[in-house]
Amino acid sequence: MDHMPPAIRLPIVVAGLVASKGNARASPGWVVDRNQNRDIGSDSGARLNQFVLTTVDSSISVGSFEGFSWIRPHGKGSFMNSPALKAYCDSRLAAGENLLVVDLADCGGMDSTFMGTLAGTAARLSAINGGRLHIAEPGERNRRSLEDLGLDFLMDIDPPSAPWRGSIESIRSGLQPLHQQPDSGRLQRTRHVLDAHQTLSGINRKNASGFAGVVGTLKEELSKKERLANDGGSA
């Protein structure tokens, strides 16, 4: 995929665009495995605070503990489940939480939208006195993906002196699944994915260059959907 940073070794999902070498075509809601070039998922939403945000191959478990909240994705982190991730994180920030921990031990890979959502959350936390986003047990692949985009400067990856050290298994046993909510619609999904990629683009020049084509395509797609919605069509 020519407009994505070549160092990202992930299933490629960008705003419902199915990426092939040298081009991208609109295919809302379908996940394409870059390595096997096949559809592996479809649209699904998530409902916050009803306790499993479920896509075809992923769910998210959450829990609030003394001094921090814990988020554990199961399966792939993607543009499908990242809106619920953002909503949950925003709800915890609104409740006064200043430490969020994203447990990636069971996350098989992240697309750029998911990582952009993490970056946006980290940025909002950094604006709070003492606020931080921690990444727990990312594994080599996820750590490399975060570092390739420069996100290790926004968040703490496996910090050795974190307050949750030594309690991970007991924390995981206390998590609850995040339930489904109605689909927010293509217009809101496109806005979410555009915001995630603009966040990534603002981190460094490499990202800005690498995601320029994606951001441009998403802006065009969003503009078309907004015009359609204003004209009374379905977005």
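**Figure 1. Asp-103 and Arg-172, two buried residues joined by a salt bridge.** In this predicted model, Asp-103 and Arg-172 are both buried, and the two residues form a salt bridge in which the closest N and O atoms lie 2.7 Å apart. The pair connects distant parts of the chain, with Asp-103 placed in strand S7 (residues 99–103) and Arg-172 in helix H4 (residues 168–173), 69 residues apart. A search of the whole structure finds 14 salt bridges, and the one between Asp-103 and Arg-172 belongs to a network, built from salt bridges that share partners, which joins Arg-72, Asp-103, Glu-137, Glu-169 and Arg-172.

**Figure 2. The salt bridge between Arg-132 and Asp-156.** The side chains of Arg-132 and Asp-156 meet in a salt bridge with an N to O distance of 2.8 Å. Because Arg-132 belongs to strand S9 (residues 132–136) and Asp-156 to strand S10 (residues 156–157), the pair ties together parts that are 24 residues apart in sequence. Arg-132 has a relative accessible area of 27% and is therefore partly exposed, and Asp-156, with a relative accessible area of 24%, is likewise partly exposed.

**Figure 3. The crossing of helices H2 and H5.** The axes of helix H2 (residues 112–126) and helix H5 (residues 186–201) come within 8 Å and cross at roughly 70 degrees, an angle at which H2 and H5 are therefore roughly perpendicular to each other. The crossing of these two helices, H2 and H5, is left-handed. On the H2 side the contact is made by Ser-112, Thr-113, Met-115, Gly-116, Thr-117, Ala-119 and Gly-120, which meet His-192, Val-193, Ala-196, His-197, Thr-199 and Leu-200 of H5. Sorted by class, the residues of the contact of H2 with H5 comprise 5 nonpolar, 8 polar and no charged ones.

**Figure 4. The packing of helix H5 against helix H7.** H5 and helix H7 (residues 212–230) pack at an angle of about 155 degrees, with their axes 9 Å apart, and H5 is therefore roughly antiparallel to H7. The contact involves Arg-186, Leu-187, Thr-190, Arg-191, Val-193, Leu-194, His-197, Gln-198 and Ser-201 from H5, together with Val-214, Val-215, Leu-218, Lys-219, Glu-221, Leu-222, Lys-225, Glu-226 and Ala-229 from H7. The residues of this contact of H5 with H7 divide into 8 nonpolar, 4 polar and 6 charged. H5 passes H7 in a left-handed crossing.

Figure 5. Ser-112 is found in helix H2, where it counts as buried because its relative accessibility is 2%. Although Ser-112 and Phe-211 are 99 residues apart in sequence, their C-alpha atoms are 9.5 Å apart in space. Ser-112 is also one of the H2 residues that take part in the contact with H5.

Definitions and conventions: Residues numbered from 1 in each chain as written. Predicted model: local features only at pLDDT ≥ 70, side-chain atom pairs only at ≥ 80, totals over all residues. Heavy atoms only, no water. Salt bridge = Lys/Arg side-chain N within 4 Å of Asp/Glu carboxyl O. Helix = DSSP H or I, 4+ residues; strand = E, 2+ residues; numbered from the N terminus. Buried < 20%, exposed > 50% of the residue type's maximum accessible area, 1.4 Å probe, protein only. Axes fitted to C-alpha atoms, helices over the stretch in contact; angles between N-to-C directions. Parallel < 35°, antiparallel > 145°, perpendicular 65-115°, else oblique. Left-handed = near helix turned anticlockwise from the far one by under 90°. Contact = heavy atoms within 4.5 Å. Nonpolar A, V, L, I, M, F, W, Y, C, P; charged D, E, K, R; others polar.
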